[in-house]
Amino acid sequence: MSVHNSHFYVPRADGSVSQPDPNGLLAAGPILQIEIHVPKKIAQVLASQGKPVPAPQTGIALIDTGATMTCVHEPILKLLTLNPIGAVTSGTANGPVQQSLYPASLHFTALGFGIELDQVAGVDLAGQTVPLNPPQNVVALIGRNVLSRCIFIYNGPGGFWTLAM
């Protein structure tokens, strides 16, 4: 089982860190580096046809316990030349929204772990950033379809979170 702990610390003037910072976790949330790949089966078909396999796309994923399904910024799925395989109606703060479904392969670089998903929702995450230095765009929301295979601990007072797969 792979285990990843992410701590947020208060920086000192000299650049070192001191105690854990619950406010850092509050501001950024449970985030981790992710690579989004063409699913292995599609990559094998492309390779057997002598076609190039699109390079994986990288970015920041936010763990979202409110999302039933994992969501990926739709322009990334299109960069991977993936085609929609269906549609789903998602409940959002602005009401129901129709979204395309795509197959995808997610690789969690810090965990050294990957997961093939039959479907992720292609969504618009434009403007969703994480307040890091420099700020970074969110490219995926990790939903309960992935979290159902994990142990996830969010320790607000301690300023850290843990994910075990």
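Of the contacts in the protein chain with a separation of 6 or more, 62% are between residues 24 or more positions apart; a contact here means heavy atoms within 4.5 Å. Keep in mind that this is a predicted model, where local features need pLDDT of at least 70 and side-chain atom pairs count only at pLDDT 80 or more, while totals for chains, interfaces and linings use all residues. Residues are numbered from 1 along each chain as its sequence is written, and side-chain values use heavy atoms, with hydrogens and water left out.

Now the overall build. The chain has 4 helices and 13 strands, which are DSSP runs numbered from the N terminus (helices: H or I, at least four residues; strands: E, at least two). Its radius of gyration is 17 Å, close to the 15 Å that the globule rule gives for 165 residues, so the chain is as compact as a globular protein of that length. That radius is taken over C-alpha atoms, and the rule is 2.2 Å times the number of residues to the power 0.38. Buried residues account for 42% of the 165, where buried means under 20% relative accessible area, exposed over 50%, and partly exposed in between (1.4 Å probe, protein chains only).

What about the cysteines? A search of the whole structure turns up 0 disulfides, meaning pairs of cysteine sulfur atoms within 2.5 Å. Cys71 is in no disulfide, and its nearest cysteine sulfur, that of Cys150, is 16 Å away. Seen from Cys150, that 16 Å to the sulfur of Cys71 is too far for a bond. Cys71 is buried, at 11% relative accessible area, and Cys150 is buried too, at 16%.

Next, two spots in the backbone. Most residues other than glycine have a negative phi, and most peptide bonds are trans. Thr81 has a positive phi, near 60 degrees; this residue sits in the loop between helix H3 (74–79) and strand S7 (86–92) and counts as exposed because its relative accessibility is 52%. The peptide bond from Asn133 to Pro134 is cis, with omega near 5 degrees, and Pro134 lies in the loop between strand S10 (129–130) and strand S11 (136–142).

Finally, look at the surface. Met1, in the segment before strand S1 (3–7), counts as exposed because its relative accessibility is 74%. Together with Val3, Ile151 and Ile153, Met1 forms a nonpolar surface patch with about 430 Å² of accessible area.

Notes
Patch = residues over 30% accessible without salt bridge, like charges linked within 9 Å, V, L, I, M, F, W, Y side chains within 5 Å. Areas by Shrake-Rupley, 256 points an atom, 1.4 Å probe, with all protein chains shown as cover. Salt bridge = Lys/Arg side-chain N within 4 Å of Asp/Glu carboxyl O.
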